[in-house]
Amino acid sequence: MTTILEAKHVNKSYTVHQHEEHQILKDINLLLKQGEFVTIMGPSGSGKSTLLYNISGMDQVSEGSVYFAGEKISALSEKKLSKLRLNKMGFIFQHSHLLKNLNLLDNVLLSAYLAKNSSKEVIGARALRLMKQMGVDGLASHNITQASGGQLQRISICRALINNPDILFGDEPTGALNSSTTAEIMDILHDINAAGTTILLVTHDVRVAARSQRVLFMLDGKLVAERNMGKYNKQQNIRAREAALSDWLTEQGF
Ligand SMILES: Nc1ncnc2c1ncn2[C@@H]1O[C@H](COP(=O)(O)OP(=O)(O)OP(=O)(O)O)[C@@H](O)[C@H]1O
Ligand SMILES: [Mg+2]
């Protein structure tokens with residue numbers, strides 16, 4: 001399988017109080033194959049979000065290189081990088097970050113308008129198809145105050161998928177949802193991955209990670225352990241995967 005994302009010897013430091021250097025990411029090496037579904041776990045403050053932002057080009061590495069589909073993105077200009085992110089990457093976060101002055105359909109469409117890859121008719125139809133798939137097509141003309149947290153998260157998934165990205169990044173996408181909504185969102189993500197999109201998530205939730213194929217464990221800015229669980233399919237007993245993953249995390253001292 002082809003490599004979609006690779007990080008080589010990535011370091012990230014922040015300067016605090018003008019002169020103190022804090023190294024947050026320490027020699028990160030990571031390789032993601034196309035079609036994989038990988039999660040990153042680890043204690044709060046271990047650097048998971050920082051890692052996600054640095055390997056997705058949202059932030060700039062201090063040292064090392066990041067390659068996306070063979071292209072060194074850590075060396076791209078901001079303009080080229082934005083274009084690549086817009087067209088090839090989708091992002092979902094704990095909170096949906098939707099715009100309050102646009103209705104939900106326009107929130108989904110905005111990135112497609114910016115990318116200018118297809119006609120308005122084509123992207124409009126795609127947005128409605130995605131919204132239907134996620135069960136939120138009835139909310140097209142609503143604004144963000146007229147939808148539940150779970151519905152808004154479905155909308156933000158539609159927004160992330162509107163330009164048909166190769167990879168979907170998520171930083172605790174179910175962190176603000178109750179457990180039944182979490183399960184629904186995870187089923188959606190599973191289907192998106194089964195259809196071919198690579199997924200990389202940061203999560204605290206064993207139930208979320210148990211549906212991924214590989215879990216990377218992060219501690220103090222380093223990737224220190226990895227568990228390969230194989231692809232999940234819905235016929236498998238998810239509870240057994242969760243239990244095995246919990247045991248492994250306990251072994252890691254989590
Ligand atoms: N812009 C910044 N400037 C200085 N320090 C930062 C900055 N962003 C993050 N950090 C520090 O980097 C460390 C890792 O933060 P990060 O948000 O990546 O952790 P995390 O593993 O995602 O934690 P959580 O599980 O709580 O979300 C923390 O100590 C944080 O204070
Ligand atoms: Mg975080």
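The questions and answers below concern pockets, a cavity and helix packing in a predicted model.

In this predicted model, local features need pLDDT of at least 70 and side-chain atom pairs count only at pLDDT 80 or more, while totals for chains, interfaces and linings use all residues. Residues are numbered from 1 along each chain as its sequence is written, chains are lettered from A and ligands numbered from 1 in the order in which they are written, and side-chain values use heavy atoms, with hydrogens and water left out.

Me: What volume does the largest pocket have?
Reply: On a 1 Å grid over the protein atoms alone, a pocket is an open set of points with protein on both sides within 12 Å along at least five of seven lines, whereas a cavity is a set where a 1.4 Å probe fits but cannot get out. Grid points are joined across faces, edges and corners, and a volume is the space filled by probe spheres set on the points. For the largest pocket this comes to about 440 Å³.

Me: Which residues lining the largest pocket are the closest to its centre?
Reply: Lining residues have an atom within 4 Å of a point. The largest pocket has 19 of them, and the closest to its centre are Leu-86, Met-89, Phe-91, Ser-111 and Arg-159.

Me: Which helices and strand each supply at least two residues of the lining of the largest pocket?
Reply: Helices (H or I, at least four residues) and strands (E, at least two) are DSSP runs, numbered from the N terminus. The lining has 11 nonpolar, 6 polar and 2 charged residues, where Ala, Val, Leu, Ile, Met, Phe, Trp, Tyr, Cys and Pro count as nonpolar, Asp, Glu, Lys and Arg as charged, and the others, Gly among them, as polar. The elements that each supply at least two residues are helix H2 (78-88), strand E6 (89-93), helix H3 (104-115) and helix H5 (149-161).

Me: Which helices each supply at least two residues of the lining of the second largest pocket?
Reply: About 220 Å³ of space lies in this pocket. Its lining includes Arg-126, Leu-130, Ile-188 and Asp-191, and divides by class into 7 nonpolar, 3 polar and 2 charged residues. The helices are H4 (120-133) and H6 (179-194).

Me: How much space lies in the largest cavity?
Reply: A search of the whole structure finds 1 cavity of 30 Å³ or more. Among the residues that line the largest cavity are Asn-54, Asp-59, Val-66 and Leu-81, and by class the lining has 5 nonpolar, 4 polar and 1 charged. The space in the largest cavity is about 70 Å³.

Me: Are H3 and H5 roughly parallel or roughly antiparallel?
Reply: Axes are lines fitted to C-alpha atoms, for helices over the stretch in contact, and angles run from 0 to 180 degrees between N-to-C directions. Angles under 35 degrees count as roughly parallel, over 145 as roughly antiparallel, 65 to 115 as roughly perpendicular and the rest as oblique. The axes of H3 and H5 come within 8 Å and cross at roughly 30°. H3 and H5 are therefore roughly parallel.

Me: Is the crossing of H5 and H6 left-handed or right-handed?
Reply: H5 and H6 pack at about 15°, with axes 10 Å apart, and are therefore roughly parallel. A crossing is left-handed if the near helix is turned anticlockwise from the far one by less than a right angle, and right-handed if clockwise. The crossing of H5 and H6 is right-handed.

Me: Which residues in H5 meet Arg-126, Leu-130 and Met-131 in H4?
Reply: The axes of H4 and H5 lie 9 Å apart at an angle of about 140°, which makes H4 oblique to H5. Contact means heavy atoms within 4.5 Å. The residues in H5 are Ile-155, Cys-158 and Leu-161.
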